[in-house]
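User: I am new to reading protein models. Could we go through this one by question and answer?

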Amino acid sequence: MSLMGTNLEHARGRNRRVAFEVVLRHGPVSRAEVARMTGLTPQTVSNITAEFVDTGLIREVGRRKGGKGQPALEYAVDGEGAYTIGVHLDQQRIVGIVVNVLGEIVERAQVLVASQNPEQVLGQVERVVETLVPSHTLRRNRLLGVGVVMPGFFERGVFVSYGPLSMEGWLDFPVGEKLSRRLRLPVYVDNDATAAAVGESLYGWGHQLRSFVYIYFGLGVGGGIIVDGQPYAGVHQRAAEVGHLIVNPGGKVCACGSRGCLERYISLFSAYEAFLHSESELEAATPEYLLAEFEKGNPALERWLEDAAYYLRIAVNQLENMLDPGGVVMGGVLPGPILTALIDKVRPLKPSIVSRSGSDLTRLAQGKVVVDTPSIGAAALPMSYLLHPATQERLALHASDTNSGSNSSNTFGVSGFADIPFFAGEPTS
Ligand SMILES: [Zn+2]
């Protein structure tokens with residue numbers, strides 16, 4: 001990975017990104033250090049840091065002690081300088097959070113989904129966001145954008161494929177565009193499992209593992225492949241559909257058309273199926289209810305756990321042999337104690353190409369971002385979009401054209417940021 005900048009004027013957007021990333025990752029740092037790490041000239045770094053300080057993204061944290069001459073001023077990212085909103089939407093509930101630049105949750109709101117109708121759901125999302133923003137002192141112009149994550153696949157913010165439990169009326173629905181109109185903010189849409197992997201990469205295991213596979217437990221099972229800090233998207237933006245690895249040929253029928261897919265054995269839904277039998281019970285089941293049954297020692301759940309561990313062991317072996325990852329990390333909305341018990345049962349892992357270099361403890365690990373993982377991943381999308389060109393190719397941005405008053409793209413090639421002071425357009429000087 002390169003954090004090198006360039007001094008060409010037309011690349012000023014990229015220079016800001018790399019400079020910001022250096023301060024975020026290595027702060028407190030002096031301007032000279034930023035210049036050294038990015039390859040930018042001291043003058044360029046000086047201009048950029050002045051802008052960052054003006055707009056509140058970074059701040060001076062004092063002068064370094066010791067050494068000769070005038071001690072260098074040091075800079076760090078200002079946790080309160082900018083915020084993003086993350087929304088996780090699934091078949092049952094909407095969780096919204098406000099996160100600062102450091103990834104800390106400063107506000108949270110949750111509601112139950114009242115209807116499966118897309119327009120009505122977006123109305124609920126709008127109200128969640130409205131309760132989040134005025135309830136905090138943050139200024140709207142410090143909001144970098146809204147990330148929305150949900151099951152399914154998206155192309156440029158449009159829902160293009162059903163998840164295993166289909167959400168009727170969502171096919172071809174332009175989630176990003178519609179929501180951006182309502183909120184008058186840039187909106188980024190992604191698959192919930194991919195976003196959870198990105199969240200884990202930014203704020204959890206990513207600090208130790210540059211490359212890993214993430215297995216996401218939702219109602220179904222999804223995943224993310226993080227390569228050198230970035231999600232690998234695949235040709236059709238559908239990489240890491242871990243849930244549909246066939247681990248039991250000829251086994252249980254799956255909504256994807258195959259039999260014996262992993263998610264038929266290890267997902268939340270498969271756990272519910274182990275002890276609930278009527279359709280209405282299955283629809284009403286929640287992770288909290290599952291946890292209560294687990295803690296009661298429900299024998300059907302014990303059997304489910306044994307089966308789940310058996311099939312997960314096969315999947316981990318396939319992933320390791322195929323990808324040689326730094327580790328396999330598991331997270332999502334499956335209650336933590338159940339996930340811990342599952343990981344215990346999966347060990348010892350099968351031998352694979354990585355078994356000589358890693359212990360079972362690092363080969364398979366529980367995620368470190370344990371609360372609101374998908375929402376944190378969602379909130380990371382706007383930052384990720386600003387900081388990583390690769391993310392810009394992967395994600396669609398939908399900015400309302402009613403608020404910017406301009407069609408021209410700005411520093412980040414994004415029209416939606418035109419009314420945010422820091423992102424107010426390419427400098428004309
Ligand atoms: Zn399947």
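This is a predicted model: local features need pLDDT of at least 70, side-chain atom pairs count only at pLDDT 80 or more; totals for chains, interfaces and linings use all residues.

User: Is strand 11 (residues 212-217) enclosed or open to the outside?

Analyst: One side of strand 11 carries Phe212, Tyr214 and Tyr216, and the other carries Val213, Ile215 and Phe217; all of them are buried. Six of the six residues are therefore buried. By that count, strand 11 is largely enclosed by the rest of the structure.

User: Which residue is the bridge partner of Tyr216 in strand 12?

Analyst: Strand 11 and strand 12 (residues 221-227) run antiparallel and are joined by six bridges. A hairpin of three residues links the two strands. Within this pairing, the partner of Tyr216 is Gly222.

User: Which residue of strand 14 stands opposite Phe217?

Analyst: Strand 11 also pairs with strand 14, and here the two run parallel, with five bridges between them. In strand 14, the residue opposite Phe217 is Gly332.

User: How many residues in the contact of helix 8 with helix 10 are charged?

Analyst: Helix 8 contributes Leu268, Ala271, Tyr272 and Phe275, while helix 10 contributes Pro287, Leu290 and Glu293. Of these residues, six are nonpolar and none is polar. The number that is charged is one.

User: Is Ala240 buried or exposed?

Analyst: Ala240 lies in the loop between strand 13 (230-231) and helix 7 (263-266), and its phi is positive, near 65 degrees. A residue with 20 or more other C-beta atoms within 10 Å counts as buried. Ala240 has 24, so it is buried.

User: Is Asp324 buried or exposed?

Analyst: Asp324 also has a positive phi, near 45 degrees, and sits in the loop between helix 11 (299-323) and strand 14 (328-332). Asp324 has 12 C-beta neighbours inside 10 Å, so it counts as exposed.

User: Which residue does a cis peptide bond join to Pro348?

Analyst: Most peptide bonds are trans. Pro348 is in the loop between helix 12 (336-346) and helix 13 (360-363). The bond has an omega of about 0 degrees, and the residue it joins to Pro348 is Arg347.

Technical notes
Residues are numbered from 1 along each chain as its sequence is written. Two residues are in contact if their C-beta atoms, placed from the backbone, lie within 7 Å. Helices (H or I, at least four residues) and strands (E, at least two) are DSSP runs, numbered from the N terminus. Ala, Val, Leu, Ile, Met, Phe, Trp, Tyr, Cys and Pro count as nonpolar, Asp, Glu, Lys and Arg as charged, and the others, Gly among them, as polar. Two strands pair if DSSP finds at least two bridges between them.
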